[in-house]
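Please keep the sequence and the coordinates at hand while reading.

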Amino acid sequence: MNNVVTAVLVTILSPQQIVTSLSTPTPTGPIHTLILTRHGDSLWNGKAPGSRETFTGWTDVPLSSIGEAEAVNTGKLLAQYTSGINIDALFTSTLGRARMTAHHCWWAYYERLNERHYGSLQGLVKSDAEAGMHGHNPEDVVKWRRSWHAIPPLLRDDDSRRMEEVRLYRDICGGVDNVPRGESLAMVANERIRPFLHESLTPLLDAAHLQSKQTTEGGTALIVAHANSLRALIGVICNVENDPGALRKLESMKIPTASPLVLKYRKGTKSGVYFPVNCALENEIKVDLPVYPLNSVQLSKPAKTTNLQTEDNKHAEFHDKIAQR
């Protein structure tokens, strides 16, 4: 493999954005780079004329014509901003909307990256459910959508949707019991994403680091998945379960379709703890959810910038956008 040059953010964050983590162990592992991309707009995401935003989960809904165009554009964006950079691996989910987006980049399927399972909410228009039109408490629906811990109503065994998902995914998931009926974000994070990170992603990137013969620069992976599986991945790396402030931000985060993000992380070789690396400061100061749009991060050796305030404003605008409910 070619040498991997990790992402360096050409800006300095304001002091208010920086939180020192005294409990984070000093790492000795390499710094890995993740490029995270949500799939393009699907027929149930609500952008296409005549469509409405609908709970999708594991329902295999295809891309809309808008989503297909977004996927093509994402491929072009990745080609532009990763020119000369070796991407060591791509992971995507088994669901068609993610696979077709990944088709314009690269591809390799992984069921642990599937969208969070919305249980019996799947197929319901979100605004209708939030208005109580299906008999749910509107406050509960908001919690099921955004909360880290809330579990939506589960699918019953005799539900036709459950039967179809069992038929499609029981072999991929390793048995009927491993096909979810409904999940909280915490369940996605701890039952699917954490094993993926520990058993598949990090070992592969560690191997890329060894072959590259770099000191601290690790491997680079492109991950094309879903809003909630990506939120869960960010949550695991950023240790949000031990950081109430970061957890609140993650619960309100909304990831746009087909908009690549960059997240760098390290793993403590003795503790096994994952934590993010601030792209701007390149040190052990922890920043809440240091996730940035690809077009604001330089995937090469850092160059000096003379317009730090302008770049800082770009990141502030971005985080305002993804924090919308």
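Asn239 lies in the loop between H7 and H8; helices (H or I, at least four residues) and strands (E, at least two) are DSSP runs, numbered from the N terminus. Although Asn239 is not a glycine, its phi is positive, about 50 degrees. The model is a predicted one, in which local features need pLDDT of at least 70 and side-chain atom pairs count only at pLDDT 80 or more, while totals for chains, interfaces and linings use all residues. Residues are numbered from 1 along each chain as its sequence is written, and side-chain values use heavy atoms, with hydrogens and water left out.

Ala258, in the loop between H8 and S6, is another residue other than glycine with a positive phi, here near 50 degrees. Ala258 is buried, with a relative accessible area of 11%; buried means under 20% relative accessible area, exposed over 50%, and partly exposed in between (1.4 Å probe, protein chains only).

Helix H5 covers residues 160-173. Its 14 residues reach 19 Å from the first C-alpha to the last, close to the 20 Å expected at 1.5 Å a residue; the expected span is 1.5 Å times one less than the number of residues. H5 bends by about 40 degrees at Arg167, the bend being the angle between axes fitted to the seven residues ending there and the seven starting there. At the start of H5, a side-chain oxygen of Asp159 comes to within 2.8 Å of the backbone nitrogen of Arg161. Buried residues of H5 are Arg162, Glu165, Val166, Tyr169 and Cys173. After H5 comes Gly174, with a positive phi near 85 degrees.

Arg167 also takes part in a salt bridge with Glu164, their closest N and O atoms being 2.6 Å apart; a salt bridge is a side-chain nitrogen of Lys or Arg within 4 Å of a carboxyl oxygen of Asp or Glu. Both residues lie in H5, three residues apart, about one turn of the helix. Glu164 is partly exposed, with a relative accessible area of 35%.

The structure holds 11 salt bridges. One of them joins Lys47 to Glu70, with the closest N and O atoms 2.7 Å apart. Lys47 lies in the loop between S3 and helix H1 (65-81) and Glu70 in H1, so the pair ties together parts that are 23 residues apart in sequence. Lys47 is partly exposed, at 45% relative accessible area, whereas Glu70 counts as buried at 16%. Another salt bridge is formed by Asp128 and Arg52 (3.0 Å, N to O). Asp128 is in helix H3 (residues 126-130) and Arg52 in the loop between S3 and H1, and the pair links parts of the chain 76 residues apart. Here Asp128 is buried at 13% relative accessibility, while Arg52 is partly exposed at 42%.

The largest nonpolar core has 38 residues; such a core is a set of buried Ala, Val, Leu, Ile, Met, Phe, Trp, Tyr and Cys residues joined through side-chain atoms within 4.5 Å. Leu34, Leu36, Leu201, Ile223 and Ile234 touch the most other members. Elements that each supply at least two residues include strand S3 (31-38), helix H6 (185-212) and strand S5 (217-225). H6 gives the most to this core, with nine residues. Apart from it lies another core of 11 residues, among them Ile35, Leu90, Leu222 and Leu294.

Notes: A polar contact is a pair of N or O atoms within 3.5 Å; within protein, one must be able to donate a hydrogen and the other to accept it, and residues adjacent in sequence count only if both atoms are side-chain atoms.
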